Amino acid sequence: MSRYERMFERLRARGEGAFGAFVMLGDPDLGTSASILDALVGGGADMLEVGIPFSDPVADGPVIQAAAVRALAGGVRPAHCFALLADFRERHPEMPVGILTYANLVIAQGHDNSHRFYRLAAEAGVDSVLVADVPLFEAAPFLASARAAGVAPVLIAAPNTPPETLAGIASEGAGYTYCVARAGVTGADEEVRFDAPLLKALAALGAPPPVLGFGISKPRHVRLALAAGAAGIISGSAIVRLIADNPSDPAAAVRAFAAEMKAATLPAGAQ
Amino acid sequence: MLMRGRFGAYGGAYVPEILMPALEQLERAFLDAQEDPAFRAELEELLAKYAGRPTPLTRCRNLGSQRARIYLKREDLLHGGAHKTNQVLAQALLARRMGKTRIIAETGAGQHGVATALAGAQFGLETRIYMGAHDVERQQLNVFRMELMGAEVVPVESGSRTLKDAINEALRDWTASFADTHYLLGTVAGPHPFPLMVREYQRVIGREARAQILAEEKRLPDAAIACVGGGSNAMGLFADFVADEEVRLIGCEPAGRGLDGGEHGATLLRGRPGILHGAETYVLQDEDGQISESWSVSAGLDYPAVGPEHAFLKDSGRADYVGVTDQDALEAFALLARSEGIICAFESAHALAHALRLAAEADEQERELVLVVNLSGRGDKDMAQAQKLLGRMK
């Protein structure tokens, strides 16, 4: 059983949803980034999603773009990110960790029989890789490389994804299914809508557990998402903004936020 | 998708899953329209009566020689001032066909933005143009033109503040707006079906040029030459010559301040295969895959990727790609003005500069040579910059 499977099973037994936290590695710097990951775990995060900064992140809104710019300006490279993740794995052997990045960074690491990027991820103890600009249509070589390296390829499902593509996402994806809660790029919204039909369709297809992302920034959003049938949520822009807004102690800020969001995943009686 | 959207190993559709249905809808609409005589007829009428096609093929009187003859395909005379209008009118018709009420576009030099703005005005479509803030500064006149025609121009402050960042921003907009918005991409780059579709809508350049040169010279040219940023004017010129093996296809990339420094936009000459803006193609990048900032005196060539079909033509050897520096392009620009009374865009001057080189060589070797150069745009937009740069060169 994978770390994701063990985590989802444990939460299911307790009637909880998964709180996933996203941060950009190396923002504001590598050392602080490591302490932010620890703080997220300490605050109650059930799974971590981490960005490897890319110069041209077309799926991201201004908040996460700015984090990538800060990390790149600080000289953060993929090799630094893998080293940081390997250290994290030693401290937290059971926490599921996924990378979210872009296709050009994956193929730039080279390819011999399969993409070297996935082997580097596996060696760093990473559980999954999601490539934001690789849809199912182009996914075949990436899926093969992920499988060869023993890394779960996470695929994205959107409210407008046609049924035949959803079936492919359900059968080819692993770890969890990243469900986009709305059209557009990443960002922290005031109000969010959830696509219950998408979640139902994924469940009927036996897809990996659906985790909702994009726009989720408040405990209220978490409760709505779980009520709509999501196995968990991922909050990104809200956390990245907290890091930017609290330069003196970003770890404390994200820890408090994680605790607040995690509390919203507990069954109604426990909240 | 009905097609794989590949040119050999290049191309494809690397976009977030949420954009795939929009690309599928576009592919279907494009393929349907290609088979629809009413669509073709409306486009041809627009191109003839609104845009001014066919454009002439002008033989240079004073550049080249009796032996080495240089012909200019005069896309600079097209309404809007550049070849961009050809495919913008076609995509605007498609947008209407798909029931979209809003169009968005990126622009570098501003020519594609101007073309999109005129189509928006013509078809009553709400129009927003993303333009790198750096390009907004160097192309003020085109910004005013777009606004005059009712388009909203949004300066993009991220990254290098040029064309690549404008494309990122347009893609972000489209990810949220595809239900009512068509992304009117301006070149043969981006995800399938754009590279194929834009080439087909620009093919008219080469189709006319081929017939015109056959009428003038009673033979095919030795070479067809065009500048390459994203590569749409070049693909438009090349498409109908690809099967003519005796015609050399030559793409001129911006060598900027020199190919050996970092300040150029010569993607095919100095980049390596990667994935940017939805396509697998040559990309200027560092060893980690971070995209490099390109450089060119001409905003329209200042782009760190290139249309995937050019990557295929390069690898297959069917087309040759050469570098032309800012300096050589500026000299060709000035020479064309003085010798022929034509003020071309800085972009087109890159192609002309290489043609002048080939013509001089042929003359020296007493070889006959016939060249067709795509004069892709006129130089009005570059006047302020030309005044500054040529003043300095004196």
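User: Which residues of helix α4(B) are buried?

Analyst: They are Gln111(B), His112(B), Gly113(B), Val114(B), Ala115(B), Thr116(B), Ala117(B), Leu118(B), Ala119(B), Gly120(B) and Phe123(B). Buried means under 20% relative accessible area, exposed over 50% and partly exposed in between (1.4 Å probe, protein chains only). The model is predicted: local features need pLDDT of at least 70 and side-chain atom pairs count only at pLDDT 80 or more, while totals for chains, interfaces and linings use all residues. Residues are numbered from 1 along each chain as its sequence is written, chains are lettered from A and ligands numbered from 1 in the order in which they are written, and side-chain values use heavy atoms, with hydrogens and water left out.

User: Why is α4(B) described as largely enclosed by the rest of the structure?

Analyst: Eleven of its 13 residues are buried, so the description holds. The buried residues pack against α2 (37–51), α3 (84–97), β5 (102–107), β6 (126–132) and α6 (140–148) of chain B. Contact here means heavy atoms within 4.5 Å. Helices (H or I, at least four residues) and strands (E, at least two) are DSSP runs, numbered from the N terminus.

User: Why is Ile99(A) called buried?

Analyst: Its relative accessible area is 0%, so Ile99(A) is buried. Ile99(A) lies in strand β3 (residues 97–101) of chain A. Beyond its neighbours within four places in sequence, its contacts include Glu49(A), Phe82(A), Phe117(A) and Leu130(A).

User: In what sense do β11(B) and β12(B) pair?

Analyst: Strands pair if DSSP finds at least two bridges between them. Strand β11 (residues 272–276) of chain B and β12(B) have five bridges, in the antiparallel sense. Arg272(B), for instance, stands opposite Val283(B) in β12(B). Two residues lie between the strands of this hairpin, where His277(B) takes a positive phi near 50°.

User: Why are β3 and β13 of chain B edge strands of their sheet?

Analyst: The open sheet has six strands in the order β3-β4-β14-β9-β10-β13 (chain B), with mixed pairing. β3 (57–59) and β13 (319–325) of chain B each have a single partner strand, so one side of each is left without a neighbour in the sheet. Within the sheet, β9 (residues 223–227) and β14 (residues 369–375) of chain B pair in the parallel sense over three bridges, and Val373(B) is the bridge partner of Ile225(B).
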